[in-house]
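Please read the points below alongside the coordinates.

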Amino acid sequence: MNDDLLLRIADALDRLAPPRPAPADPAVGDTFVFEGGILRAVPPPPAQPLSRFAGVDAQRDALLANTRRHAAGAAAHDVLLWGARGMGKSSLVRAVHAAVAADATGPALALIQVARDDLTGLPALFRTLGQTARRFIVYADDVSFEADERQYKALRSILDGGIEARPDNVRIAVTSNRRHLVAREHADIEAASAINARDVLDDRLALADRFGLSLGFHNCDQVTYLAIVAGYAAAYGLAYRDGEALEWATGRGHRSGRVAWQFVTELAGRANRAIAT
């Protein structure tokens with residue numbers, strides 16, 4: 001097969017391939033996703049009212065205050081929300097953004113979700129956002145790091161204030177089930193082959209220290225779980241018994257805000273009712 005034929009085949013394949021989508025304008029729209037190096041505008045996700053978050057009052061108030069400061073152009077922190085699964089970390093980020101954006105009198109605060117594997121592309125995104133006259137929260141959900149360190153190093157460089165650190169109109173919010181983001185067992189393995197193991201462990205486990213605001217979410221006790229169920233059920237006018245709610249949680253092996261929501265979804269289904277998801 002000669003070179004000319006190969007070039008013709010490659011050209012034909014290029015014509016068959018779908019064109020690369022044009023990136024969204026970050027000045028237009030309030031919610032975006034950043035994936036594969038492309039910024040896409042998306043419809044706003046469902047968000048619960050802030051008053052419906054039970055058992056995480058301090059975390060809610062701290063995140064709301066920090067986000068309002070950022071939206072107003074004042075000093076604000078990058079935020080790490082860590083802890084027990086299903087306790088509202090991701091939901092709270094979305095709910096706070098929706099509340100702050102709704103109160104805006106000028107350009108609303110924008111929320112951009114980025115996947116863990118796209119963290120290495122953030123410097124390019126930041127160059128675009130830094131030239132846009134509005135404020136942004138760049139949000140990475142359910143982040144943790146194992147053996148692949150490219151994303152870890154990218155995030156650390158941004159938080160450390162490297163040459164291409166995030167611009168002043170951008171703050172970062174990260175959720176994780178791990179307080180230190182890096183798996184302890186991975187740090188231990190790396191430390192075992194290092195000259196100074198303590199330095200390796202400190203470096204790997206101190207990534208969380210680079211966030212100015214760290215909010216812990218802890219396991220849900222029975223009282224808090226029932227309070228969450230009660231708030232959801234009251235909002236949708238659904239009747240139930242506490243025993244039903246506890247039996248539902250027992251069947252799933254734990255209590256959490258997510259389990260409470262799933263129980264209320266079940267109640268709504270039984271009543272032939274639709275609820276926002």
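1. Where pLDDT is low, the predicted coordinates should not be read in detail. For the protein, the mean pLDDT is 85, with 81% of residues at 70 or more.

2. On conventions: this is a predicted model, in which local features need pLDDT of at least 70 and side-chain atom pairs count only at pLDDT 80 or more, while totals for chains, interfaces and linings use all residues. Residues are numbered from 1 along each chain as its sequence is written, and side-chain values use heavy atoms, with hydrogens and water left out.

3. Helix 2 (residues 57-71) and helix 3 (residues 89-102) have axes that come within 10 Å and cross at roughly 45°; helices here are DSSP runs (H or I, at least four residues), numbered from the N terminus, and axes are lines fitted to C-alpha atoms over the stretch in contact, with angles from 0 to 180 degrees between N-to-C directions. That angle makes helix 2 oblique to helix 3, given that angles under 35 degrees count as roughly parallel, over 145 as roughly antiparallel, 65 to 115 as roughly perpendicular and the rest as oblique. The crossing is right-handed, meaning that the near helix is turned clockwise from the far one by less than a right angle.

4. In that contact, Gln-59, Arg-60, Leu-63, Leu-64, Thr-67, Arg-68 and Ala-71 of helix 2 meet Leu-92, Val-93, Val-96 and Val-100 of helix 3. By class, the contact has 7 nonpolar, 2 polar and 2 charged residues (Ala, Val, Leu, Ile, Met, Phe, Trp, Tyr, Cys and Pro count as nonpolar, Asp, Glu, Lys and Arg as charged, and the others, Gly among them, as polar).

5. The axes of helix 8 and helix 10 come within 9 Å and cross at roughly 40°, which makes helix 8 oblique to helix 10. The contact draws on Tyr-225, Ile-228, Val-229, Tyr-232 and Ala-233 of helix 8, and on residues of helix 10 including Trp-261 and Phe-263; it has 10 nonpolar residues, 1 polar and no charged ones.

6. A search of the whole structure finds 4 aromatic pairs, where rings of Phe, Tyr and Trp (its six-membered ring) pair if their centres lie within 6.5 Å, and planes under 30 degrees apart count as stacked, over 60 as edge-to-face and the rest as tilted. One of them, Tyr-240 with Phe-263, is edge-to-face, at 6.0 Å centre to centre and 80° between the planes. Tyr-240 lies in the loop between helix 8 (222-235) and helix 9 (242-252), and Phe-263 in helix 10 (residues 257-270), 23 residues apart.

Notes: pLDDT = per-residue confidence, 0-100. Helix = DSSP H or I, 4+ residues; strand = E, 2+ residues; numbered from the N terminus. Contact = heavy atoms within 4.5 Å.
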